Each structure stands twice: as structure tokens, then as C-alpha cells.
Amino acid sequence: MVKEVVRFSLNNSVSNLFVEGNLVIPDNPIGIVVFAHGSGSSKSSHRNQLVSKKLNENNIGTLLFNLLAEEEQESDRRLENIISNIPGATLNKFNISLLTERLSMATEWIISHQQKSKLQLGYFASSTGGAAALIAASKYQIRSVVIRSGRTDLVDNHFLSEIVSPCLFIAGSNEKTLIKINKQTMKKLRNVEEKKLSIIQKASHLFEEEGSIENVADIATQWLKNYFSPLVHPIS
């Protein structure tokens, strides 16, 4: 198993900003999954780390990285205290275009660094990261997308119509509004042949209930294994 800390420079003209990630490539990998965390989260999220570990145990590589630089996170913390006095202000963590840009950057890095192995690429996203994952999936050949508690209502319809990747949505049964949102999104994915909503009973948005995040990891791993399998025809 290969473990590596990677840094992505943001090429900011004002300061030398970068985001950092943890890359894990197990022995004999069958694919690799890039994580896109939600607002207020990071690569250190114990939920994403648990899912990542489960994927690694099943020969799937993972890249967990921070969508925002430390300076951008600090800016959000300062702005949250005064945002009510700034009309039109948007926190970085809610800037879907910015999050999509960062996910695209990581995607292109993976593609360029995995050319020899030609590993199939998937996404595992949550909350606002789910919106970024769907938009990015409309631009790249993503083998499959898994979204946990995704704010998929933040994606414009024209992006949804361009997605062909199989999509799995996972939500807790206590999240009635989110379940409705995910169902509406699935209807708009008219070019996606395989799409599914899995509901974890008695679970809330963060899946903090006993055993719930483990269920998410099991469901996501099985779904991704199926689509990384050489027996499944690749997306054309």
C-alpha cells in the first residue's frame, strides 16, 4: 500500500495558497475515489476517513483533500461573524463554483498521475461537496458517483442533463427534505441509466447514530466495487 501527502498549489497572485490531501493506493487497486467533503468539514472528517478505510480494504484507492486552503477557512470563520452586515456575501465553503474548481483540479491531477495504471475514477461526496461532484461529473469520465447527504438542489439543471455516470445517493431516513431533494435530482438525471437512492433507517444528516456511517461505508463500497469491476462495461 502506498500512502502519500499531496499538495495542490492554487497559484494565487496575492499569496502562496495551497490545499493538501492524503492519497492512499492499496496493492492491486481496481479504481480510485476522490472525496469532496461538505461545508465545515475537511480531509480529517472521521466519517470520510472511515469510508476511505473501507474502500482501501477493498482494493480501492482514495484521495481525501481539503477543498479550501487554511487561509480561506479562516476567512470564512471571520466572515461568519459579520456576514449579516454584508449584502450578497458568500462564504467560501458555500461557493459551489469554487468547490467544483478544486475538485476538478484534483481530478485532473489524478488523471495525469495515473496514466500508466489507467485506474477508473469515482467520486464520494457529501453535503455541498455533492453539488460539486455532480457538476464535475458532467465534465469528466467518472466511473461512478456516490453522494451522502448531498445538497444536489444547488446544481443547475443543464449540468444534470450532461451526466452519464451511475449515481448512488445515500440519505438518512430522518432527513425528509433531503430525501425529497435527492429524488427530484434523480428525475433530472435523464441520461443516467443507473441511479439509486439508499435510505439508512433512523439516521440523521451526519450519520452520528450507532452503526449508521458504517452502513454508508458498506453500501458505498459495494456500489463502487461493482462499477470498478472489469466485468462492467466502461462508460463510452
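I count a residue as buried when its relative accessible area is under 20%. With that cut-off, I looked up tyrosine 227: its relative accessibility is 7%, so tyrosine 227 counts as buried. A reminder to myself: this is a predicted model.

Next I checked tryptophan 223, which is buried as well because its relative accessible area is 12%. I found both tryptophan 223 and tyrosine 227 in helix α7 (residues 212–228), where they sit 4 residues apart, about one turn of the helix.

Then I went to the sheet. I see 8 strands in an open sheet, ordered β1-β2-β4-β3-β5-β6-β7-β8, with mixed pairing. At the edges I have β1 (2–9) and β8 (195–200), each pairing on one side only. From one strand to the next, the twist averages 20°. I also noted helix α1 (residues 46–57), which packs on the sheet and touches β2 (18–25), β3 (31–36), β4 (60–65), β5 (121–127) and β6. The direction of α1 makes about 160° with that of β4.

I zoomed in on β6 (residues 144–150) and β7 (residues 167–172): they run parallel and are joined by 4 bridges. Valine 146 has leucine 168 in β7 as its bridge partner.

Last, the rings. I get 4 aromatic pairs in the structure. One of them is phenylalanine 35 with phenylalanine 124, a tilted pair at 5.1 Å centre to centre with 40° between the planes. Phenylalanine 35 is in strand β3 and phenylalanine 124 in strand β5, so this pair ties together parts 89 residues apart in sequence. Both phenylalanine 35 and phenylalanine 124 are buried. I also wrote down one aromatic cluster, formed by Phe8, Phe65 and Trp109.

Methods:
Residues are numbered from 1 along each chain as its sequence is written. This is a predicted model: local features need pLDDT of at least 70, side-chain atom pairs count only at pLDDT 80 or more; totals for chains, interfaces and linings use all residues. Side-chain values use heavy atoms; hydrogens and water are left out. Two strands pair if DSSP finds at least two bridges between them. Helices (H or I, at least four residues) and strands (E, at least two) are DSSP runs, numbered from the N terminus. Axes are lines fitted to C-alpha atoms, for helices over the stretch in contact, and angles run from 0 to 180 degrees between N-to-C directions. Contact means heavy atoms within 4.5 Å. Rings of Phe, Tyr and Trp (its six-membered ring) pair if their centres lie within 6.5 Å; planes under 30 degrees apart count as stacked, over 60 as edge-to-face and the rest as tilted. Buried means under 20% relative accessible area, exposed over 50%, partly exposed in between (1.4 Å probe, protein chains only).
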